[in-house]
Amino acid sequence: MKAPAVAACLLAVAVLASERVERCPLSCLCETRTWFSPSSVCAEAFTVDCNDLGLLVLPAWFPSQTQVLLLQGNNIARVENTLGHLENVTEINLSQNISSVADVCLGWLPELLSLHLEENLVQELAESCLASLPNLQEFYINHNLISFISPGAFRGFSRLTRLHLNSNQLRIINFWWFQHLPNLEVPIMAENPILQVTHMNFKPLVNLRSLVLAKINLTEVPKNALVGLNRLESISFFDNLLSQVPRAVLSNVQNLRFLDLNKKPIQRIQKGDFSYMMHLKELDMSSMPELVSIDSLALDNLPELTKLEATNNPRLSFIHPRSFYRLPSLETLMLNDNALSVLHANTVASLPNLREVSLHSNPIRCDGIIRWVNINRTSIHFMEPLICAEPPEFPRPAVPSSALSADGGNLPPSDLAKEPPRAISNKYNLHPEGTLEIYGATEQEAGLYTCTAHSLVGADLKTVTVAVGSYVPDPFKQPVNINIRSAQQEIHGNCINVTTREAAAPQEAAESRNRLLMAASAVGVIAVAAACSVMHTALNSQVL
């Protein structure tokens, strides 16, 4: 009699234990959901969702078949109970909870592939901080307060492929962090106050494929910073302070396929900027507030380039007829939201496989474009309708493309963008032929003045220095930029420096004003001459 009773008791215990294992934690949701692995493989995974429940501590138990554990948005300060019984767990999300990785005890989790610790209050990563995760492939610890990472913090992460350290407080990138990450492919360092990138910074990352260095205030990149990264395919320098294309750096990554140069204070794209980039497929040079020109042969011998994007550059008014040369694979050309009035026929004719063009939101002349496309290139697709500035028979915006404008320095930009050529303030007068007149010049008006002249063929620029008396202008002072549109005549002149004096007595002030007017007129004439004399012979060529 006792034997059957014991058996029944044991069976009851086993049933209760089984129910305990399979029971979903209170208030959590347990169900099978679609899940994507780090390699983007889609699968069905048993998910325990305890997000946003206001939990103060980790639930005492989770079902043993748990594969995805979601604990985001709670108030869990410490993870003291090991999760080692979750032999099949592949992803854990503890975002918006903890303040220290040292307080996280996950236990031995050999199947864990993805760990999320975003948006916590973590300030440092100590030695071997999570060494019990031998197969971890993705580690997201972005949007924290991390200012220090121990050289051995990632020891044990030999299979890690993605590391998100963006939006922290890091001031350096340490070569030693990467010594234990031989398989890392994508480190994201964006939005950290990093002071500089040094030589050989990323050399241990022999399998690196994508590098994101966006918004870290870079002013320069050492030539050897990317040496040895032969598998690197994508770089983002988005929103940094680089004043020119880092051509020496890029020459060391000749297998690059995608390059993001958006939002830089670069004025010109020049010949040689993209030399040796034989495998580049996509290039983005958008949102550059200072970009004026894409020069001759600026994009030369890029045989695999299929997409070029140069959009939202408010001063980009000149693309040289031979800017694009030996680009046999280019299919998509995006030039919308710039200051282009014309596009030379040779610019497009040099692109044999061009399929689609975006030119909208430019002060464009449409007569040459429509005529040339109708006759020669009917296969080109315009991605958006063109709104034409000229000629009159085509629709045109309220402000004609021949209007003069100027901006920068002490000139009020909001007025200058709208005012026709007449007195634009009680301090300045911009004349129709491009002369900028300054009244009662003081030290505040000293500095660099850049004139940009536009014609039907394109644009050119010239910068002069204006000194007031013995005052030497600060070279870092915000320059004044003057845009002269639709230069119609050829004028010759030589570049000079303009010097003015403070107006002391009324009579002397009048004489000084006359001298300044003459000198400033020369500046405007020179700017027009710089464009027109260079481009005079091109005016007879075909214009698109």
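These legends describe close-up views of a predicted model. Local features need pLDDT of at least 70 and side-chain atom pairs pLDDT 80 or more, while totals for chains, interfaces and linings use all residues. Residues are numbered from 1 along each chain as its sequence is written, and side-chain values use heavy atoms, without hydrogens and water.

**View 1. The disulfide of Cys28 and Cys50.** The sulfur atoms of Cys28 and Cys50 are 2.0 Å apart; a disulfide is a pair of cysteine sulfur atoms within 2.5 Å. The torsion about this S-S bond is about 115°, so the link of Cys28 and Cys50 is right-handed. Cys28 lies in the loop between α1 (2–22) and β1 (29–36), and Cys50 in the loop between β2 (42–49) and β3 (68–70), so the bond ties together parts 22 residues apart in sequence. Helices (H or I, at least four residues) and strands (E, at least two) are DSSP runs numbered from the N terminus. Both Cys28 and Cys50 are buried (under 20% relative accessible area; exposed is over 50%, partly exposed in between; 1.4 Å probe, protein chains only).

**View 2. The disulfide of Cys24 and Cys30.** Here the S to S distance is 2.0 Å, and the bond is right-handed with 85° about S-S. Cys24 is partly exposed at 26% relative accessible area, as is Cys30 at 22%.

**View 3. An open sheet of 3 strands.** The strands are ordered β14-β16-β19 with parallel pairing; two strands pair if DSSP finds at least two bridges between them. β14 (268–269) and β19 (318–319) are the edge strands. β14 is joined to β16 (residues 293–294) by 2 bridges, and Ile269 stands opposite Ile294 in β16.
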